[in-house]
Amino acid sequence: MPRITVNGEEKVIERELSVMELLEEMNIKFREVGLAVAINEEVVPKSQYTTRKVKEGDKVEIVQLVGGG
């Protein structure tokens with residue numbers, strides 16, 4: 001099973017996943033604004049979330065903006 005790193009923590013996934021599948025598996029809701037994903041320090045365009053695969057050894061950073069006051 002592939003091992004990846006997500007926000008600094010190792011994670012084992014059953015198979016290669018698309019970015020969208022990874023977000024769903026992590027219970028992160030897709031948003032057009034306020035969500036960014038980078039794989040190996042390269043920002044993934046939202047238009048590629050369903051096609052770009054997360055593979056063995058990838059380092060993924062998921063950033064979510066949160067409003068507050």
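Visitor: How many bridges join S4 to S5, and do these strands run parallel or antiparallel?

Guide: This is a predicted model. In it, two bridges join S4 to S5, and the strands run antiparallel. Two strands count as paired if there are at least two bridges between them, so S4 and S5 are a pair. Within this pair, Ile 39 stands opposite Glu 42 in S5.

Visitor: What makes S2 and S5 edge strands?

Guide: The open sheet has five strands in the order S2-S1-S7-S4-S5, with mixed pairing. S2 and S5 (42-43) each pair on one side only, and that makes them the edge strands.

Visitor: Why is the pairing called mixed?

Guide: Strands of a sheet pair through backbone hydrogen bonds, either parallel or antiparallel. S1 shows both kinds: four bridges join S1 to S2 (residues 9-12), running antiparallel, while two bridges join S1 to S7, running parallel. On the S2 side, Arg 3 stands opposite Val 12. On the S7 side, the bridge partner of Val 6 is Val 60.

Visitor: What lies between S1 and S2 in their hairpin?

Guide: Two residues lie between these strands, and Asn 7 in the turn has a positive phi of about 50°.

Visitor: Why is Ile 4 called buried?

Guide: The relative accessible area of Ile 4 is 1%. Buried means under 20%, so Ile 4 qualifies. Ile 4 lies in strand S1, on the covered face with Val 6, whereas Arg 3 and Thr 5 form the uncovered face.

Visitor: Which residues does Ile 4 touch, leaving out those up to four places away in sequence?

Guide: Among them are Glu 9, Ile 13, Leu 22, Val 54 and Asp 58.

Visitor: What is Val 19 in contact with, leaving aside its neighbours within four places in sequence?

Guide: Val 19 is in contact with Val 37, Ile 39, Val 44, Tyr 49, Arg 52 and Val 54. Contact means heavy atoms within 4.5 Å, so each of these residues has a heavy atom within 4.5 Å of one in Val 19.

How values were computed:
Residues are numbered from 1 along each chain as its sequence is written. This is a predicted model: local features need pLDDT of at least 70, side-chain atom pairs count only at pLDDT 80 or more; totals for chains, interfaces and linings use all residues. Side-chain values use heavy atoms; hydrogens and water are left out. Buried means under 20% relative accessible area, exposed over 50%, partly exposed in between (1.4 Å probe, protein chains only).
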